[in-house]
Amino acid sequence: MTVEYITLNSGNKMPLIGFGCWKVDPKDAPETIYNAIKIGYRLIDSASNYKNEEAVGKGIRKAIEDGIVKREDLFVTTKLWSTYHHKTKVRKACKKQLEMLGLDYVDMFLVHFPLPLKYVPIEEKYPPGWYQPGEEVITLDRCPMHECWREMEKLKEDGLVKDIGVSNFNVQLLMDMLTYANIKPSLLQVELHPYLQQQHLVNWVQAQGIAMTAYSSFGPTSFVSTGSKRAKSVEPLFENPVVKDIAAKYNRQPSEVCLRWSLERNIAVVPKSLNPDRMQMNLQALTWQMDEEDVDAINKLDLGLRFNDPAVNAQKLPIFY
């Protein structure tokens, strides 16, 4: 088994390939996560809003109980949902997530979106989703990010989390954060794939000593099932001639090419599959390298095409604009 790591600005090490938990059905999650760990995954990427944390935790704990891994061998990521940005709610949310996962700490706690939504009491609905119960419109809250981030820092200081970071932030937000952060974010997780390469963002963030993780490495594939018109309107990456030709050159699958392309940029990836054979195949992205000419060929596929975009989804929130 090959496990490669990236060293975070905290000094902690994070695996370059993890297992993503988005869209894993809770009924499948315990066995799926258990299998992923058994196959060799050491990073589990979870979130409150994935609505499967309790089931994910069962899979993690079973793998530990069966002696496949020790807790310290795993890197567990989860994310603070937007309804808990208020400075009085951050710790409460974190403790709830630890309870759901059945863990004493997580290795990475990310602010999921730079979007403060009105608080929904945990006792009333958990996880709450995007809306107030019974409503179908977004309600924002007055929760400045500098106050939220200070509470994130306290979680790290108190040992509830080992590292803190952000997700779906742009350069402007990060520039502002670096003016007040006592603890610099150690990770930025964003949508990244050959159709959305965000090279200016990548260059700047990495220059600040902040690591990066790509989600949705396969581009439109994950979003077709959500009804995304964007995802349905573009050629699937696995069918793109450039990606297919490179896959044939190395005797690899197109999915491996997409993952390897991010790894060549020193960006971690968190693919998901329910199939153990494909889980194993995705891990193989660590075992080979791509010629520079092939990286350059994929670089030319950039369309600036974002699929996880609340502006065109039901939320109608243009947070990336």
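Helix 2 and helix 3 are oblique to each other, in a scheme where angles under 35 degrees count as roughly parallel, over 145 as roughly antiparallel, 65 to 115 as roughly perpendicular and the rest as oblique. The axes of helix 2 (residues 53-65) and helix 3 (residues 90-101) cross at roughly 50 degrees and come within 7 Å, where axes are lines fitted to C-alpha atoms, for helices over the stretch in contact, and angles run from 0 to 180 degrees between N-to-C directions. Helices (H or I, at least four residues) and strands (E, at least two) are DSSP runs numbered from the N terminus. In this pair, Glu53, Glu54, Val56, Gly57 and Arg61 of helix 2 meet Gln97, Met100 and Leu101 of helix 3, contact meaning heavy atoms within 4.5 Å. The residues of this contact divide into 3 nonpolar, 2 polar and 3 charged, with Ala, Val, Leu, Ile, Met, Phe, Trp, Tyr, Cys and Pro counted as nonpolar, Asp, Glu, Lys and Arg as charged, and the others, Gly among them, as polar.

The model is predicted, so that local features need pLDDT of at least 70 and side-chain atom pairs count only at pLDDT 80 or more, whereas totals for chains, interfaces and linings use all residues. Residues are numbered from 1 along each chain as its sequence is written, and side-chain values use heavy atoms, with hydrogens and water left out.

The secondary structure of the protein comes to 11 helices and 10 strands. The radius of gyration, taken over C-alpha atoms, is 19 Å, close to the 20 Å that the globule rule gives for 321 residues, so the protein is as compact as a globular protein of that length; the rule itself is 2.2 Å times the number of residues to the power 0.38. The C-alpha trace spans about 55 × 45 × 40 Å along its principal axes. Of the 321 residues, 55% count as buried, where buried means under 20% relative accessible area, exposed over 50%, and partly exposed in between (1.4 Å probe, protein chains only). Among contacts between residues at least 6 apart in sequence, 72% join residues at least 24 apart.

An open sheet is formed by 8 strands in the order 3-4-5-6-7-8-9-10, and the pairing is parallel; two strands are taken to pair if DSSP finds at least two bridges between them. Strand 3 (19-20) and strand 10 (268-269) are the edge strands, each pairing on one side only. Within the sheet, strand 4 (residues 43-45) and strand 5 (residues 75-80) pair in the parallel sense over 3 bridges, and leucine 43 has phenylalanine 75 in strand 5 as its bridge partner. Helix 3 lies across strand 5 and strand 6 (108-111), and runs at about 135 degrees to strand 5.

Leucine 174, placed in helix 5, is buried with a relative accessible area of 0%, and touches Val166, Phe169, Pro185, Leu188, Trp204 and Val205, residues up to four places away in sequence not being counted. Serine 186 lies in the loop between helix 5 (171-180) and strand 8 (187-191) and counts as buried at 1% relative accessibility; with residues up to four places away in sequence again left out, its contacts include Leu8, Asn9, Met108, Asp163 and Ala211. Isoleucine 246, found in helix 8 (residues 241-250), is buried with a relative accessible area of 4% and, beyond residues up to four places away in sequence, touches Val257, Met290, Asp294, Ala297 and Ile298.

Backbone geometry was also examined. Most residues other than glycine have a negative phi, and most peptide bonds are trans. Asparagine 251, in the loop between helix 8 and helix 9, has a positive phi of about 55 degrees although it is not a glycine, and is exposed, with a relative accessible area of 71%. Asparagine 266, in the loop between helix 9 (254-264) and strand 10, likewise has a positive phi, of about 60 degrees, but is partly exposed at 42% relative accessible area. The peptide bond from tyrosine 126 to proline 127 is cis, with omega near -10 degrees, and proline 127 is placed in the loop between strand 6 and helix 4 (145-157).
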